[in-house]
Amino acid sequence: MRILATADSHFGYIYGRTAQAKNLITQHFFDSFENLLKIARREKVDLILHGGDFFNKSKPKKKFIAKAFNLIARLSDDGINFVAIPGNHDRSYLPDTLLSYFRKNVHFLNTYSIIEMDDITIIGFPYSNDPVSVMNKISRFAKNNPSKKIIILCHQLFDGASFGPHNHIFTNRPDTLLTYHLPSTIKFVVSGHIHRSQTLQNNKVFYPGSIGRTSFMEIVEPKGYLIFELEEHFYSTNFYEIPSIPMEVKDVEVHKAALFSSELENCEINPDVRFLLRLIGRKLTENEIKYLWAKYPATEYPLMSFSPKKPNMMLRNLYTKNQSSLYPNISYNYNGSKNNP
Ligand SMILES: [Mn+2]
């Protein structure tokens, strides 16, 4: 069996300073997803798993719902199964309008659900504030059904997950799931939530990552999807990169009254990427903020943003040095893991 795993499509995500820019970014997420579906057909996958944050907001516009569903409905016609669960951005619930577009082979799971497909059992559940209880429930099911090959689909934080340019690691938190919370007999977990693709806990947990960058914290991350090959007694996985809109971050140290002077004059802004100009070192004045907006008009720099946006804020340097050159074309593979039953 072949499975394509994806997550965090954030349909309806908006960014940009002009209507045109906003459309471009929103459309990028739909295009990336459509690209994944093409790949699913080409690679003849049997099943697509979506780990949540399907939409960017819990009450998405009708046009976004229709657009997303139309893409998925065609898959069903091609005989590819699709299973999705809601994430925290979906407020653990996918809109009823979406569910009402019923199709065979398409499963939007708004509650804890068990789906049998060929010889595997998919257990999916919406983003939960108490994932340990849900895992206990799955453990009981696994114990009573020792021969079932269980795959868990969820949208949770797993201990050891990393994100951001400084590789912040989530650990020792009450809301992170640890290896011992997982039923020992499961095959693996596919989860949304962390936008950086990674594998954790001895190849038991996989984050496919988001299909496009939402936050500048994702600047260094390649975006893509995972393909799992399930054999009788083992599985293997690979991460494949898809194109995404590049980001650049430029830091300008603001000294006393230096903002209007040459420092900004020498600062090259690339209008074709999502560009973040960070003014660090001291608070900005109202006039300086006005000056910046005037110096970089939205029509010329539609994908540019500043921080801080408020004059009374002061910025620390969040990024490693030379961040503007940090858009590496990283591609990496997960080694297939032997998972003997
Ligand atoms: Mn997300």
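P308 is found in the segment that follows strand β17 (304-307), where strands (E, at least two residues) and helices (H or I, at least four residues) are DSSP runs numbered from the N terminus. A cis peptide bond, with omega of about 0 degrees, joins S307 and P308. In general, most peptide bonds are trans, and most residues other than glycine have a negative phi.

The model is a predicted one, in which local features need pLDDT of at least 70 and side-chain atom pairs count only at pLDDT 80 or more, whereas totals for chains, interfaces and linings use all residues. Residues are numbered from 1 along each chain as its sequence is written, and side-chain values use heavy atoms, with hydrogens and water left out.

The chain holds six helices and 17 strands, and its C-alpha trace spans about 70 × 40 × 30 Å along the principal axes. The radius of gyration, taken over C-alpha atoms, is 22 Å, which agrees with the value near 20 Å that a compact globule of 341 residues would have; the globule rule used for this comparison is 2.2 Å times the number of residues to the power 0.38. Of the 341 residues, 54% count as buried, a term that stands for under 20% relative accessible area, with exposed meaning over 50% and partly exposed the range in between (1.4 Å probe, protein chains only). Among the contacts (heavy atoms within 4.5 Å) with a separation of 6 or more, 72% are accounted for by residues 24 or more positions apart. The mean positions of the 41 positive and 32 negative charges lie 4 Å apart, where Lys and Arg count as positive and Asp and Glu as negative, while His and the chain ends are not counted. The place of each charge is taken as NZ of Lys, CZ of Arg, CG of Asp or CD of Glu.

The manganese ion has as its protein donors D8 (OD), H10 (NE2), D53 (OD) and H195 (NE2), which lie 2.1 to 2.3 Å from the ion. Donors are N, O and S atoms within 2.8 Å of the metal (3.2 Å for Na, K and Ca), and since water is not among the atoms, sites may look incomplete. The spacing of these donor residues in sequence is D-x1-H-x42-D-x141-H. Because D8 lies in the loop between β1 (2-6) and α1 (19-42) and H195 in the loop between β10 (188-191) and β11 (198-200), the pair ties together parts that are 187 residues apart in sequence. D8 counts as buried at 0% relative accessibility, and H195 is likewise buried, with a relative accessible area of 13%. D53, placed in the loop between β2 (47-50) and α2, counts as buried at 1% relative accessibility, and its phi is positive, at about 60 degrees, although D53 is not a glycine.

A positive phi, of about 70 degrees, is also found at N105, again not a glycine. N105 belongs to the loop between α3 (96-100) and β4 (106-108) and is buried, with a relative accessible area of 18%. Apart from neighbours within four places in sequence, N105 is in contact with S76, G79, I80, N81 and F82. When residues up to four places away in sequence are not counted, I80 touches A40, R41, V45, D46, L47, I48, L75 and N105; the C-alpha atoms of I80 and L47, which are 33 residues apart along the chain, are separated by 5.6 Å.

P146, in the loop between α4 (131-144) and β7, is exposed, with a relative accessible area of 63%, and the C-alpha atoms of P146 and K290, 144 residues apart along the chain, are separated by 65 Å. I151, which lies in strand β7, counts as buried at 0% relative accessibility. Leaving aside neighbours within four places in sequence, the contacts of I151 are with I3, L49, I120, T121, I122, I123, K187, F188 and L230. The C-alpha atoms of I151 and L259, 108 residues apart along the chain, are separated by 55 Å.
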